[in-house]
Amino acid sequence: MYRTHNCGELRAENAGQTVTLAGWVQRVRKMGGMSFIDLRDRYGITQLRVDDSTSEEVAAAAAKLGREYVIQATGIVEERQSKNAKIATGDIELKLTGLKILNEAQTPPFTIEDESDGGEDIRARYRYLDLRRNPLKNALMLRHRIAQEIRKYLDNEGFLEIETPFLIKSTPEGARDFVVPSRMNPGQFYALPQSPQTFKQLLMVAGYDRYFQIVRCFRDEDLRADRQPEFTQIDCEMSFVEQEDVLNTFEGMMRKLFKDVIGVEIPDPMPRMTWYDAMDNYGSDKPDIRFGMEIHEITPEAHGHNFSVFDDCEYVGAICVPGAAEYTRKQIDELTEWVKRPQVGAKGLVYIKYNADGSFKSSVDKFFSAEDLASIACAAQANPGDLMLVMCGAKRKAQTMLGVLRIEMGNRLGLRDPHNFAPLWVVDFPLLEWDDETQRFYAMHHPFTAPKPEHLDWFYSDKKEDLERVCANAYDFVLNGTELGGGSIRIHEAEVQKRMFEVLGISKEDAEIKFGFIINAFKFGAPPHGGLAFGFDRVCALFGGQETIRDFIAFPKNNMGRDVMLDAPSEIDDSQMEELALKSTVVKNG
């Protein structure tokens, strides 16, 4: 046995015991005739002591130690004279009677401390060293805890955990697929699943009325803080349910996770908001409701003043930044440049200061009188001391730009506390999205999302304006401005599914090629069913008070989709290419 206890286990009540520990050397400190060694494992740190009474053999071994050496230490637990309240074992230390070096270590390329001196790139290259640091260790421990609580909850609710295949048929209706060549079927390819969507529906057809899995999914898309090419979903499906049944089940799951994992009570019931209200008031279908600063339409008040920027636009909207009327011209100019960035896409920004004395100052004083500005302030629900920021354009585009600006101002004013949680359901999404470039409808979610039953007349209409009014029987779980999960009641009737394909411009032949297996399955008695999938990595990150998911994934990719530790993706040799019936068209350097 290499150890009798771990490095986070010993307390004052263990004093006098002879114990053996094993782990990594965090640091060595020499103080006069004594040396102190901090020994670390994943459970914590224990201080080891070498003094004048220590045997020469042990003292000689201790003198050789360096950072990250792997050692086995035996000694007597003693109460520390100088206690350390910052660590759980801070009341005791181990007086060494035996020391064995199990493995020497090179000096690591960065410090293995909570606040490391290593940059992101170097830590990614040596990820196995970075994982020794407490922030990443705690992140992965949180991930484990959340996974276990999810499994316990769903098991108690009668769900079966069932695995689905990773090598499947490509059905390119969303993000790009990752494809895998088949050696046994030359010229043919598998795809890695973007989600188990069709399989979980097939499980409903098979009669497994409550399914889940915590499953890896794959999407070949551009990356950002909350995206990875491979990610994990909490994937769930239920039969013989309506929307309310699904929402109640998973609201219960999230309430239990909040309470049992991080000790937070969330509202019961959780608030709900339609997609239309979310866009009108927050400029986003995943609104952050931890703070106000909602969007207000001021189109009637803004039109008709010979200011062509407003007069020529469909929509004019404003947000009121509380207490910001004192912003300087330099600060406002900086904000104006900020909204011109491609990520926002605005051509400019109009400001109106509602001064504390009740007067107004704006960038459009030439066109708007004080009475006009007061009318706008009333429509925008502004108060003295507020700064109104105004944008215009096509309605949804202008609202989206204002929504991005609202989040930025929330960040600048410190209104987005990561430890303040405000969840909600967003419901009643449009079923379809019209694309002007291709002149066709696309499914806002996926082709198997059911329209709301009360909108079926519009769904079967040939009029574009009617189809745009159809709401999906769909829902998203939103937390602090992040979509954590989404789902819908599915189409289970052949005629409705046939009509959906028609609206999306998918011919009967293409539908058969892409989705024939599930269409055929539905002919054998598909039950009413619906489900939901949570982004597991995002759940872990937000529970951990972080925006990026990388620290909650053991071995993540960088922004270019590369694993810099493994140096992947990489080329394969010619024999492998030949075996897979592949040819490269890439010209190699040199």
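The report below covers sheets, salt bridges, a surface patch and some backbone details.

This is a predicted model: local features need pLDDT of at least 70, side-chain atom pairs count only at pLDDT 80 or more, and totals for chains, interfaces and linings use all residues. Residues are numbered from 1 along each chain as its sequence is written, and side-chain values use heavy atoms, with hydrogens and water left out.

**Strands and sheets**

Helices (H or I, at least four residues) and strands (E, at least two) are DSSP runs, numbered from the N terminus. Two strands pair if DSSP finds at least two bridges between them. Strands of a sheet pair through backbone hydrogen bonds, either parallel or antiparallel.

Start with β1 (residues 18–31) and β2. These strands run antiparallel and are joined by seven bridges. Val28 faces Ile37 in β2. The two strands make a hairpin with two residues between them, and Gly32 in the turn has a positive phi of about 65°.

Strand β2 (residues 34–41) then pairs with β3 (residues 44–50). That pairing is antiparallel too, over seven bridges. Arg40 has Ile45 in β3 as its bridge partner. Again there is a hairpin, with two residues between β2 and β3. Seven of the eight residues of β2 are buried. Buried means under 20% relative accessible area, exposed over 50%, and partly exposed in between (1.4 Å probe, protein chains only).

An open sheet of eight strands has the order β6-β9-β10-β22-β21-β20-β17-β11, with mixed pairing. Its edge strands are β6 (160–161) and β11 (272–274), each pairing on one side only. Within this order, β21 (residues 482–489) and β22 (residues 529–535) pair in the antiparallel sense over five bridges. Ser488 stands opposite Gly531 in β22.

**Salt bridges**

A salt bridge is a side-chain nitrogen of Lys or Arg within 4 Å of a carboxyl oxygen of Asp or Glu. By that rule the model has 44 salt bridges. Three of them are tabulated here.

| Pair | Closest N to O distance |
|---|---|
| Asp38 and Arg27 | 2.7 Å |
| Glu161 and Arg151 | 2.9 Å |

Asp38 forms its salt bridge with Arg27 at 2.7 Å. This pair links distant parts of the chain: Asp38 sits in β2 and Arg27 in β1, eleven residues apart. Asp38 counts as buried because its relative accessible area is 7%. Arg27, at 28%, is partly exposed. Both residues belong to a network of salt bridges made up of Arg27, Arg29, Asp38 and Glu113.

Glu161 pairs with Arg151 at 2.9 Å. Glu161 is partly exposed at 43% relative accessibility, and Arg151 is partly exposed at 28%.

Asp466 and Arg469 both lie in helix α14 (residues 464–469), three residues apart, about one turn of the helix. Asp466 is buried at 12%, whereas Arg469 is partly exposed at 43%.

**A contact across the sequence**

Helix α4 (residues 134–156) also holds Ala147. How far apart are the C-alpha atoms of Ala147 and Phe536? They are separated by 8.5 Å, though the residues are 389 apart along the chain. Ala147 is buried, with a relative accessible area of 8%.

**Backbone details**

One runs from Asp268 to Pro269, with omega near 0°. Pro269 lies in the loop between α6 (243–262) and β11. Another runs from Ala568 to Pro569, with omega near 5°. Pro569 is in the loop between α17 (536–543) and α18.

Glu68 has a phi of about 70°. Its place is the loop between α1 (56–63) and β4 (70–79), and Glu68 is buried at 4% relative accessibility. Asp428 has a positive phi near 60°. That residue is in the loop between β17 (423–427) and β18 (432–435).

**A charged patch**

Asp573, Asp574, Glu578 and Glu579 form a negative surface patch. Patch residues have over 30% relative accessible area and no salt bridge, with like charges joined within 9 Å. Glu578 lies in helix α18 (residues 574–579). At 66% relative accessibility, Glu578 is exposed.

Conventions. Patches are made of residues with over 30% relative accessible area and no salt bridge: like charges are joined within 9 Å, nonpolar side chains (Val, Leu, Ile, Met, Phe, Trp, Tyr) within 5 Å. Accessible areas come from the Shrake-Rupley method with a 1.4 Å probe; for residues, only the protein chains shown count as cover. Lys and Arg count as positive and Asp and Glu as negative; His and the chain ends are not counted. The place of a charge is taken as NZ of Lys, CZ of Arg, CG of Asp or CD of Glu.
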